[in-house]
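Student: I'd like to learn how to read a fold from its strands, cores and ring pairs. Can we walk through one together?

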Amino acid sequence: MKVLIHKNSQTPLKVISTDSEEVELRSTSCTGAMWELARKYPEEIIGWSDESFEDQLMLQDWEKIFEHDLIMASYAVNSTFLPESIGYVDLLPFVNVNREVQFPTWLMSHDVGGIKGEVFLQFKDILGDESDLGYLLNSVAKIGQQNGLFCYSHPGLINLSVKEKPKALASAGNLFSFVSQHYTSSWTSVLLFCFQKYEKKYPVGAYLRSFLQKKKFNTAVDLSSFKPNPGEEVPDNSIDVIIPTLDRKDYLRQVLEDLSAQTLLPKNVIVVEQNPEEGSSSGLEDIISKEWPFKIIHVFIHKTGACKARNLALDEVESEWIFFADDDIRLEKDLLEKVIKESARYGISALNLNCRQSHEKTVFSKVKQWGSFGAGTSVVKTSFAKQCRFSEIFEYGFGEDADFGMQLRNNGCDIIYHPHLETLHLKAPVGGFRTKPVLPWEQGEVLPKPSPTLMAYAIKHYSQEQINGYKVSLALKFYNRQKIRNPLKYINDMRRRWKLSERWARKILTENSQRGSCPAHDD
C-alpha cells in the first residue's frame with residue numbers, strides 16, 4: 001500500500017509505504033503523483049492523505065476496507081470538493097452522505113482515501129489531463145460508479161471523530177464544469193436557475209464556460225477484468241422468504257413451487273395473506289397444508305397494505321438472509337444459491353435482483369451501486385433488515401421501497417444491483433390495491449403535487465438543495481403533461497399544489513412520529 005501525503009491537495013510531500021519501501025516521486029503535482037504511483041504499483045492500494053491527518057490514518061484497517069479491487073473510498077474530515085449545491089441536479093441518495101457509517105457515494109474528498117492502482121489507471125485516457133486532485137477523484141468515482149466501481153465515504157479510514165460539516169472547496173466554475181461534463185446538458189441550466197432563485201447568486205460566466213467542457217456523461221470504462229473476492233464458503237447461508245399476497249392464489253403457488261426446486265432451499269417462507277373483509281377465512285388452506293421442503297409461516301390479516309404485511313413478516317424471520325419477494329415472480333432453480341455466493345464475493349449485505357417482464361430488455365448491464373431498493377425483488381442480510389421498518393405513511397402511496405432503502409444505507413448497508421441474477425415478473429392482473437381507499441388529499445378540488453407520500457420521502461431523506469432541485473425539475477417535467485399553457489398561471493398553480501403537498505406530508509410525518517411506529521432515520 002502506498003499513500004501520497006500532500007499539502008492542501010496542491011503539493012505532494014512524500015509517500016508512506018506499508019512495506020517500508022522508500023518511494024521517490026518525480027511528479028510535482030498531486031494528480032501527477034497519483035498517476036505515477038498507480039503506474040509503478042498497479043497491484044497495490046494507492047492512497048492519499050493531507051499532511052494534517054498522517055498520524056491518524058488507520059492503515060491497519062485499510063486492507064479490510066478495500067477488500068476487493070473494485071472499491072474506492074474516502075472520508076471528508078475537514079473538506080469536501082463539491083458543495084451541497086450538487087443536490088440541485090442530483091436527487092439520488094449518493095449526494096446526501098451520512099458520515100457516521102460506511103455510505104455509498106461518489107463524492108470524494110482529498111482529505112483521505114484510496115483506490116487500487118490498476119483500477120485507477122483505467123481512467124487515465126479519460127481524465128489524465130485533469131490538474132485538480134479533488135476534481136479528478138470525484139470524476140473517477142462518478143464515472144466509475146456507473147461502471148461497477150463501489151464508492152464510499154468510510155469513517156474507518158481515519159481515527160478521528162468529526163462533528164463539523166466539511167467545507168466545500170470547488171469554485172462555481174468547478175461545479176458548473178463538473179455538471180456539464182457528468183450530467184445531461186439541461187442540468188446546467190437548472191443549476192443556474194437554482195443559484196439565482198435560492199442563493200441569489202448569478203454565476204453566468206461559469207455557466208457559459210461550462211459548455212466548453214468535453215462531455216464525460218455515460219462514459220464507458222471496462223472494469224470487467226477486475227474480480228471481487230474469490231468464491232468462498234458462506235458461514236451461514238440460511239435464508240427466509242417474505243411474500244405478501246392478496247387474492248393471487250395461483251401465482252403464489254407458482255412461487256412456492258419455484259422455491260421448493262431451489263438448490264439452496266429456504267428455511268422459512270413467510271406468507272402474509274390479506275383480506276379486508278372482516279370474518280373472512282383464508283383462501284390458501286390447500287396451499288399452506290401441502291407438504292413443502294421448507295416451513296411455511298402463514299399470517300392472515302383483515303387489512304390490506306404491503307408495508308404492514310412486510311413488517312409482520314419481518315418479525316417472523318429467523319435466518320441470516322431475507323428474500324423480499326413478490327407473489328407473481330418466477331425463479332430459476334439456482335437463483336438463491338447464486339445470490340448468496342455473489343453477496344459473499346462482493347462483500348455486500350443487500351442485493352437488488354434484476355426483475356423484468358418477458359418482453360423487457362435489461363437496461364443496466366453491469367453490477368453497480370443502486371440508488372433505489374426493490375421490496376419485491378431484493379435479498380438483504382437480516383441483521384440490517386431488522387433495524388428497519390416499512391413506514392406505513394407510504395401505504396397505498398409511493399416511496400416505501402425507497403424509504404426502506406435509505407434506512408438500510410443509513411445503517412451502513414450498501415445496496416447493489418446485479419443484472420445477471422434475474423426474476424421474471426409476471427405482472428399479475430389481479431391482486432394489488434384491489435380495495436385501495438381514497439386518500440384524504442385526493443378529495444379536494446386542488447390536488448397536491450407531488451404526492452404527499454413522495455414529499456414525505458423528500459423531507460426525510462433529501463438535503464434542502466435536493467428538495468429545491470426536485471421542485472424545479474418537477475415543474476419543468478410536468479408542464480407538457482397538463483392543460484395550463486400560460487407559464488405564469490402554471491407557476492402559480494404548481495406553487496399552490498407544492499405547498500399543499502408539503503402540508504399533507506408534514507401532517508402524516510407528525511402523526512407517524514407521535515405513533516412511534518417507524519424507527520426510520522430522519523435527516
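Predicted model: local features only at pLDDT ≥ 70, side-chain atom pairs only at ≥ 80, totals over all residues.

Student: Which strands pair with strand 11, and in what sense?

Tutor: One of them is strand 12 (residues 295-301), which pairs with strand 11 in the parallel sense over seven bridges. There, Val271 stands opposite His298. Strand 10 is also joined to strand 11 in the parallel sense, over six bridges, and in that pairing Val241 stands opposite Val269. To get from strand 10 to strand 11 (residues 268-274), the chain goes through helix 9 (residues 249-260), and this β-α-β crossover is right-handed.

Student: And what joins strand 10 to strand 13?

Tutor: Four bridges, with the two strands running parallel. Look for Ile239, which stands opposite Trp321 in strand 13.

Student: How do I read the two faces of a strand like that?

Tutor: The general idea is that side chains in a regular strand alternate between the two faces of the sheet. Now take strand 10 (residues 239-245): Ile239, Val241, Ile243 and Thr245 lie on one side, Asp240, Ile242 and Pro244 on the other, and all are buried. That is seven of seven residues, so strand 10 is largely enclosed by the rest of the structure.

Student: Is strand 11 enclosed or open to the outside?

Tutor: Largely enclosed, because seven of its seven residues are buried. From strand 11, Asn268, Ile270, Val272 and Gln274 point one way, while Val269, Val271 and Glu273 point the other way.

Student: Now the cores. Which residues touch the most other members of the largest nonpolar core?

Tutor: That core has 56 residues, and the ones to look for are Met72, Leu82, Ile86, Trp106, Phe123, Val140 and Leu149. Several elements supply at least two residues each, including helix 1 (30-40), strand 3 and helix 6 (172-182). The largest share, seven residues, comes from helix 5. For a close-up, leave aside residues up to four places away in sequence: Ile86 touches Val95, Trp106, Leu175, Val179 and Tyr183. There is also a second, separate core of 52 residues, which includes Ile45, Leu264, Leu335 and Leu336.

Student: What about rings? How many aromatic pairs does a search of the whole structure find?

Tutor: It finds 25. For each pair, look at the distance between centres and the angle between planes; an angle over 60 degrees counts as edge-to-face.

Student: Why is the pair of Phe364 and Tyr417 edge-to-face?

Tutor: Because the planes of Phe364 and Tyr417 are at 80°, with the ring centres 6.4 Å apart. Phe364 is in the loop between strand 15 (350-356) and strand 16 (368-369) and Tyr417 is in strand 18 (residues 416-425), so the pair ties together parts 53 residues apart in sequence. Phe364 is partly exposed, with 38% relative accessible area, whereas Tyr417 is buried at 4%.

Student: Which residues do ring pairs link into a cluster?

Tutor: Tyr88, Phe176, Phe195, Tyr198, Tyr207 and Phe211.

Conventions:
Residues numbered from 1 in each chain as written. Heavy atoms only, no water. Core = buried A, V, L, I, M, F, W, Y, C linked by side-chain atoms within 4.5 Å. Buried < 20%, exposed > 50% of the residue type's maximum accessible area, 1.4 Å probe, protein only. Contact = heavy atoms within 4.5 Å. Pairing = 2+ DSSP bridges. Right-handed = clockwise from strand over helix to strand, strands pointing away. Phe/Tyr/Trp six-rings, centres within 6.5 Å; stacked < 30°, edge-to-face > 60°.
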